[in-house]
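Here is a report on one protein model. It starts with a helix pair and then moves through selected residues and local geometry.

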Amino acid sequence: MNSTLIVFVILYLLVTIGIGLLAARRVHGAKDYLVAGRSLPLYMNVATVFATWFGAEMVLSVSATFASGGLNAIPGDPFGATVCLVLAALLFSKLFYRLNLLTIGDFYKVRYGKSVEVLTSVAIVVSYLGWTSAQLTALGLVIHVLSGGAMTLNHAIIIGAAIVLVYTVFGGMWSVAFTDLFQTVIIVIGLSLVAWLVGGQAGGFEKVIAEAHAQGKFNMFPAEMDATAWWAMAGAFLAFAFGSIPQQDVFQRMTSAKDEKTAMHGTILGAAAYLIIAAIPIYIAFAALMAHPELAQLFASEDAREIQRILPDLVLGKMPVWAQVMFFGALLSAILSTASGALLAPTATFTENVLRPFVPHMSDRQFLLTLRIILVTFTTCALLFALNSESTMYEMVQNAYNVTLTGAFVPLVAGAFWKRANTQGALFSAVLGMGVWLVANTVAPDAMIPPNLLGLAASVLGMLMGTLAPEVIRHRGQSITQALAHAGHAQHPTHAAGHAHKKR
């Protein structure tokens, strides 16, 4: 193993940790820790949206999946993920910002009451196990490859988890924001240079694109008569496009912006950057197989995670040192930026919306300490999940979003846009949606209609039945109009009091 590369990787990790710890000096309370004081300018907001979503599964797993099956094999990421960000920006960014909430779980509390808050928040937290585990697996894979196999994959995953934990536990969203900005630059420059080099080895850009087209890699949709394939594609797409919306990391990035206009524009621009730059690792993986067909043997491994080694093996075995430095810099940037956000988001949701309802009188200082304790605890849980899974990162992430697709998406949309939506409807929706999905996934996981779509349909039905049926479970929440008025009053109490005094 080249010592120059090892030295670079160590220095890069130390710089990243240093940036994160410096940013931690801005944390003076829970609001700073969770949403960076709601003060990020547009360029930082765009960077956090892009860098948090552009993770290991894109660089290593989605790219390899495309090389194997083409666009038809990756409808969820990047396409569903991009649609998610655009929908979240257009439909929810201004609403979330005006409500002035700390977490997305707070929305369910305001709209439906504590019971729905806890239920949906538990679903959201559980969904992050797969998402976070994918990032820890990737970081471990990089360390494992760089060690030349001297360190086992599981030991490498443990070390990777410790690295991310160090700076996230102290700086929260401020550390995430500053490291994301640094890492975005490294991702774009590093992957672009590697794409230029690998494309040249494969005969140039035009030859790579022509070969991909000839092999049918750009066929997005299944054959006309294959109903099962169409349903499977819809299930994968909607898991990301809808299931990603009720997620704390999306909420956190929008509400960390300095104003609601920045929240919407930053998320849309971040989505555009994500879709465009996602094409780079996809191009690199296919060009790598053209230039070095022997890498295709990784597809035959019984461990699905092995296909994710295509790019690391290519770079280490076939590239000059400068290209190795640029690639692993970009890869580590993608992993670290996503992993830090993936640890912080469920920590915020669990502490604020699952734990705090039972301990309502915590001071801000106690709450901040609790956030850090929960962050360490969740990291441990995600680590155990990563150590015991043989799924690819793409599969881990898709499975994670099925939880929120069936348990949290419909109550969110109904709560925002249907005045009649009530606590009973939200409870029916979450319980029936997740219940049907889990049963279908156990009994008939390979049925024509995917289990997650059956769960989504059941969630819609549960919301309609629960809301329109006679009210057995009392409604405990506010209407959106009431919630917005209350949030506005809380933000401008002096103005509101003065206005009331004038009327008297």
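## Helices α8 and α14

Helix α8 (residues 153-201) and helix α14 (residues 321-355) have axes that come within 6 Å of each other and cross at roughly 145°. Axes here are lines fitted to C-alpha atoms, for helices over the stretch in contact, and angles between N-to-C directions run from 0 to 180 degrees. Helices are DSSP runs of H or I with at least four residues, numbered from the N terminus. The α8 and α14 crossing is left-handed. That term applies if the near helix is turned anticlockwise from the far one by less than a right angle. The contact residues of α8 with α14 divide into 23 nonpolar, nine polar and one charged. Nonpolar covers Ala, Val, Leu, Ile, Met, Phe, Trp, Tyr, Cys and Pro; charged covers Asp, Glu, Lys and Arg; the others, Gly among them, count as polar.

## Model and confidence

This is a predicted model, where local features need pLDDT of at least 70, side-chain atom pairs count only at pLDDT 80 or more, and totals for chains, interfaces and linings use all residues. Residues are numbered from 1 along each chain as its sequence is written, and side-chain values use heavy atoms, with hydrogens and water left out.

The pLDDT is the predictor's confidence in each residue, from 0 to 100. The protein chain averages 85, and 92% of the residues score at least 70. Confidence is highest in helix α19 (residues 451-468), at a mean of 97, and lowest in helix α21 (residues 493-503), at 45. Over residues 494-504 the pLDDT is below 50, and this stretch has one contact in the model beyond near neighbours in sequence. Contact means heavy atoms within 4.5 Å.

In helix α13 (residues 310-318), the residues I310, L311, P312, L314 and V315 are buried. Buried means under 20% relative accessible area, exposed means over 50%, and partly exposed lies in between (1.4 Å probe, protein chains only). The buried residues of α13 pack against α4 (56-69), α7 (114-146), α8, α12 (260-291) and α14.

M319 sits in the loop between α13 and α14. Its relative accessible area is 7%, so M319 is buried. Beyond residues up to four places away in sequence, M319 touches L197, V198, Q201, L314 and Q324. M319 and R25 are 294 residues apart in sequence and 40 Å apart in space, C-alpha to C-alpha.

Which helix holds Y97? Y97 is found in helix α5 (residues 75-99). Y97 counts as buried because its relative accessibility is 11%. Leaving aside neighbours within four places in sequence, Y97 contacts R38, M254, T255, A257, K258, D259, E260 and A263. Y97 and T255 are 158 residues apart in sequence but 5.4 Å apart in space, C-alpha to C-alpha.

The Y97 side chain reaches the backbone oxygen of A257 at 2.8 Å. The Y97 side chain also reaches the backbone oxygen of K258, at 2.8 Å. R38, one of the Y97 contacts, lies in the loop between α2 (30-35) and α3 (42-53). R38 is buried because its relative accessible area is 10%.

E352 is found in helix α14. At 7% relative accessibility, E352 is buried. A polar contact of 3.2 Å joins the side chains of E352 and R356. Polar contacts are pairs of N or O atoms within 3.5 Å; within protein, one must be able to donate a hydrogen and the other to accept it, and residues adjacent in sequence count only if both atoms are side-chain atoms. Not counting residues up to four places away in sequence, E352 touches L102, T103, D106, K109, E117, P357 and F367.

Helix α6 (residues 104-112) is mostly covered, with seven of its nine residues buried. These are I104, G105, D106, F107, Y108, R111 and Y112. At the start of α6, a side-chain oxygen of T103 reaches to within 3.3 Å of the backbone nitrogen of G105.

## Backbone geometry

The peptide bond from D77 to P78 is cis, with omega near 20°. P78 is placed in helix α5.

Positive phi values occur at R38, near 50°, and at N100, near 55°. Neither residue is a glycine. N100 lies in the loop between α5 and α6. N100 counts as partly exposed because its relative accessibility is 30%. Just after α6, G113 takes a positive phi of about 105°.

Technical notes. Helices (H or I, at least four residues) and strands (E, at least two) are DSSP runs, numbered from the N terminus.
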